Amino acid sequence: MKNIQACIFDLDGVIVDTAVYHYKAWKRLANDIGFDFTEHQNEQLKGVSRIASLNLILGWGNVTDKTEADKLELATRKNEWYTEMISKMTPAEILPGAREFVQSCRDAGIKTAIGSASKNTPTILAKLELLSFFDAVIDGNSVTNPKPDPEVFLKGAEALHVAPSACVVFEDAIAGVEAAINGGMKAVGIGSPELLKEANIVVSGLDKMTLEMLEEL
Ligand code: BG6
Ligand code: MG
């Protein structure tokens, strides 16, 4: 593999489908406050940090009277429900082909990392039994600028000692694809080509990805 030396994977929506748990927990919070939001609206929360997600949701419910302290309490409450759900996750929830594709990268000498906005990344990786599977893990605990800022992926490249131009990012969120491009990296979109227009290629999941496709990027 001459050009590509590292693959950096987003976690939620690429390695595992946690969106359903995020949705359940946010929906419960919104219902507690007295409003609801749709699964379609939930799409807009993909890749968005916890506090930014809360702000979007409160906006949908026209809730304008919350102080910063209230918001912190609400986000904490949601996270408690969310962590209770993810504590029951098992390796069976790893998305199809994810483990196999990461393994084939490793076998080909390509470095691998996680680049996620989630502060729950270590818990999720432990539940999936993938904690020692990646060469580096950069997550919401170690970055200050949310995607589409490239910080999370640039820190990943740095940790792997690979130039950004030799990195490929795998992302299911528009902001994540933008972050990769902003960092001077290649982007593989996971999901819908209509949504992830800026990606170099889009596949429906890592089960559709091959090392040959990496060479063509
Ligand atoms: C992203 C998810 O990976 O992490 C978002 O796509 C989520 O939905 C964000 O809000 C932050 O996650 P956490 O676990 O720190 O609340
Ligand atoms: Mg994601």
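Reader: Which residues of the largest nonpolar core touch the most other members?

Author: A nonpolar core is a set of buried Ala, Val, Leu, Ile, Met, Phe, Trp, Tyr and Cys residues joined through side-chain atoms within 4.5 Å. Buried means under 20% relative accessible area, exposed over 50%, and partly exposed in between, using a 1.4 Å probe and protein chains only. Here the largest nonpolar core has 48 residues, and F9, I15, F170, L206 and L214 touch the most other members. Helix α1 (residues 19-33) gives the most to this core, with six residues. Helices (H or I, at least four residues) and strands (E, at least two) are DSSP runs, numbered from the N terminus.

This is a predicted model: local features need pLDDT of at least 70, side-chain atom pairs count only at pLDDT 80 or more, and totals for chains, interfaces and linings use all residues. Residues are numbered from 1 along each chain as its sequence is written, chains are lettered from A and ligands numbered from 1 in the order in which they are written, and side-chain values use heavy atoms, with hydrogens and water left out.

Reader: What is L206 in contact with, leaving aside its neighbours within four places in sequence?

Author: L206 is in contact with F9, V14, I15, P96, G97, A98, F101, F170 and I190, with those neighbours left aside. There is also a second, separate core of 21 residues, which includes A6, F153, V169 and V177.

Reader: How are two packed helices described?

Author: They are described by the angle between their axes and the distance between the axes. Axes are lines fitted to C-alpha atoms, for helices over the stretch in contact, and angles run from 0 to 180 degrees between N-to-C directions. Angles under 35 degrees count as roughly parallel, over 145 as roughly antiparallel, 65 to 115 as roughly perpendicular and the rest as oblique.

Take α1 and helix α3 (residues 50-60): they pack at an angle of about 40°, with their axes 11 Å apart. The two helices are therefore oblique to each other. Their crossing is right-handed; a crossing is left-handed if the near helix is turned anticlockwise from the far one by less than a right angle, and right-handed if clockwise. On the α1 side W26, L29, A30 and I33 meet R50, S53, L54, I57 and L58 of α3.

Reader: At what angle do the axes of α3 and α4 cross?

Author: The axes of α3 and α4 cross at roughly 105° and come within 10 Å. That makes α3 roughly perpendicular to α4. In this pair R50, I51, L54, N55 and L58 from α3 meet K71, L74, A75 and N79 from α4.

Reader: Is N120 buried or exposed?

Author: N120 is buried, with a relative accessible area of 7%. Its place is the loop between β2 (111-115) and α6 (121-127). Leaving aside neighbours within four places in sequence, N120 is in contact with R50, N79, Y82, T83 and I86.

G13 sits in the loop between β1 (6-9) and α1 and is buried, at 18% relative accessible area. Residues up to four places away not counted, G13 touches L95, D172 and I190.

E80, by contrast, belongs to helix α4 and is exposed, with a relative accessible area of 51%.

Reader: What should be noted about the backbone at N62?

Author: N62 has a positive phi of about 55° although it is not a glycine. This residue is in the loop between α3 and α4 (68-86) and counts as exposed at 66% relative accessibility. H161 likewise is not a glycine and has a positive phi, of about 60°. H161 is in the loop between α7 and β4 (167-171) and counts as exposed at 73%.

Reader: Which peptide bond is cis?

Author: The peptide bond from K147 to P148 is cis, with omega near 15°. P148 lies in the loop between β3 (136-138) and α7 (151-160).

Technical notes:
Contact means heavy atoms within 4.5 Å.
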